[in-house]
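Have the sequence and the 3D view open as you read.

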Amino acid sequence: MKKNLKKAGRTVMSAVLILGLVLSNSSFAEAKKVSKKESVYVTAGPDGTVQKITVADWLKDSGSLTGTLKDASNLTDITNVKGEETFAQSGKDLDWSTAGADIYYQGQSSEKLPVDIKISYTLDGQETTAQEMLGKSGKATIHIEYKNNSQTKKKVNGEMVKIYTPFVMVTGMILSSDIFSNVEIDNGKVINDGSNNIVIGIGTPGLSESLDLDEEYSDNLSSEFTVTADVTDFEMTNTFTYGSPSLLDELNIDEIGDLDELDDKMESLTDAAEELLDGTGSLSGNMKTFADKMGDLQTSIRKYQKDGVKKLTKGIDTLANGGKKLTKGVKTYTNGVVTLANGSKDYVAGAGKIAEGNKALYNAVKDLPSQLNQFYSGLTTYTGGVDKLGTKENVTALKQGANAVSGGITTVHDGLTQLKATYDNNTKLIEGLKATVAMIPDGEEYAAIKAKQKELLGQLETFAAGQKAAIEQLETATGAEGDLKTGADKVAASVTTVMDSLQTLSSNSSSLTEASKKLKDSMPTLVSSVKTLRDGGVTLTKNDKKLISGAKALIKASKTMNKSVKKVNSGVKTLQKGGRSLNKATVKLVRGVTKLDNASGKLSDGTVELDNGMDKFNRKGILKLNNLYEDDVQTSLDRLDAIIEAGKDYKSFSGLKSGMDGEVKFVIETEPVKKAE
């Protein structure tokens, strides 16, 4: 039933596609009652972004009225586009003055659309925009996705569920064959007239969710589609999208089928299954009694087999098993002997390696005492020199000398301050000499004197300037940040660090020499121990040949023991065969009775299985089918009714006066993508 419902859903989808393609809207008022026919025109960018919303309203049959017609609208900039009728506006309330003709008006809206459209573009697999694709070539993809923003709550099977307004969205585009080739669409239709590819795509956003369809079927009610094509020098004309919430209502889905007859058939099927279940229950009870009697006979036969024949054959088997255990024990013992012998060989080989290793170890350590004596003598000489160099007097003298150098540079720097005080004397001398030169009269007889004075004045000025520059350079070098001062400080610090380390090294030299002495004194004992270990290895390998010879004798004796136990075991097996022959004859007798009992048991089990099968068929087949019909199919049909009702409820985008009927459609036009002219 559920599968048939999904099939019906696909039929609905096909009908929606047909209606969407012809853009039909066939609702007509039968009575002379004013209704609002609304068309919402949207201009959008190439990506679907809304730029402007213009709403055109037709107050149908308003011309049959006289006086004032009350209307409601949230539009701005409202204008009468066809007649001379006037209106008064208060908030969202409009009062129109009718004059024997229908009223047509339009206005602007900033409200959010009930369905958003998003158009995305890719070129050669890279996401881009329509403007960025302009003039380019490659493999293009245009993806259009609808998002339903309009939803409500409806009661379905006693529960409030979310239902989307059933908008059917149809998008059309005309793609020039000079630019677009190999055009394909995954949810729509492509028609080529030779010059253009006419592409129609369709979407039903929210319908799959409202029907609560499984993923297997939800793809048939998609909210998106994709167009692919090879493009050359890309440009694109406008796209047009038509949307309506009332197309499902026009399909007359209520007439899909009459369910009353199906209800009667399901009830008859359930009653028949219960009667059949009662009959199989009676048959199962009678067959169980017959099977119990056959069981008594089988019990008697089995007692004869158990108390007589089986006890005899069990004794024989016990003897045979004892023979097997004896064979197994002997085999285990002989395997152990072989393992012991092989282990002896490995032991001999290992002992030889140990003895050789001990010899090598002794050869390596026997000369260490004399070598350590030489090392100890050199170490003593070295530590003595370190101790002499690191005396307190030497350390103190070096530190003081380094600090004195740094202090002397500071003294020089301070003395330069006093030397700078002589600048004034130089200045006074220069000024006095200038005055003297000025006092020398002009004339030839004084020209030589005046020239000589000027020469002295120039030399004095040069000397003063040179003195000043030299003092400034020396002052910079000997200052706290100068090269001389910072270098002397670093030298003093390094001397301090070195001498402190030397004192530490000198204080530790005694520990170093003491450790070296202990190592030198203990080395003869170590060499003696290694020599003892070498001698023990020689003793260890003296009896290797005797040990290997004994292992070979053990292996030979174990082979003889294995042959003897095999003969004993062969006699026991012959005795066991006789016991088995006796047991087989008894088993044949038991089997005959068992077959008869099993046959009656199987017959009884068959009737039980038949009864259980009928019960399972009734519970998991008939009853589940009935529950599926009552819970799933009926619930899905109730959802479909709720969806159609939600479509009927959506009558206006801009507003509708209470009591007035209405219908609305949406037309969304995107901008073309063309080169500037």
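## What counts as pairing

Two strands pair if DSSP finds at least two bridges between them. In general, strands of a sheet pair through backbone hydrogen bonds, and the pairing can be parallel or antiparallel. Keep in mind that what you see here is a predicted model.

## The sheet of five strands

In what order do the five strands of this open sheet lie? Reading across, the order is S9-S8-S10-S17-S14, and the pairing is antiparallel. At the edges stand strand S9 (126-128) and strand S14 (180-185). Each of these has a single partner strand, so one side of each is left without a neighbour in the sheet. On average, neighbouring strands of this sheet are turned by 25° against each other, direction ignored.

Strand S8 (residues 115-123) runs antiparallel to S9, and three bridges join the two. To find one of these contacts, look for Leu123: its bridge partner in S9 is Gln126.

## The sheet of three strands

A second open sheet to explore has three strands in the order S3-S6-S5, again with antiparallel pairing. Which strands are at its edges? They are strand S3 (66-72) and strand S5 (87-90), and each pairs on one side only. From one strand to the next, the twist averages 20°.

How many bridges link S3 with strand S6 (residues 93-99)? There are seven bridges, and the two strands pair in the antiparallel sense. As a landmark, find Gly67, which stands opposite Thr98 in S6.

Technical notes: Residues are numbered from 1 along each chain as its sequence is written. This is a predicted model: local features need pLDDT of at least 70, side-chain atom pairs count only at pLDDT 80 or more; totals for chains, interfaces and linings use all residues. Side-chain values use heavy atoms; hydrogens and water are left out. Helices (H or I, at least four residues) and strands (E, at least two) are DSSP runs, numbered from the N terminus. Axes are lines fitted to C-alpha atoms, for helices over the stretch in contact, and angles run from 0 to 180 degrees between N-to-C directions.
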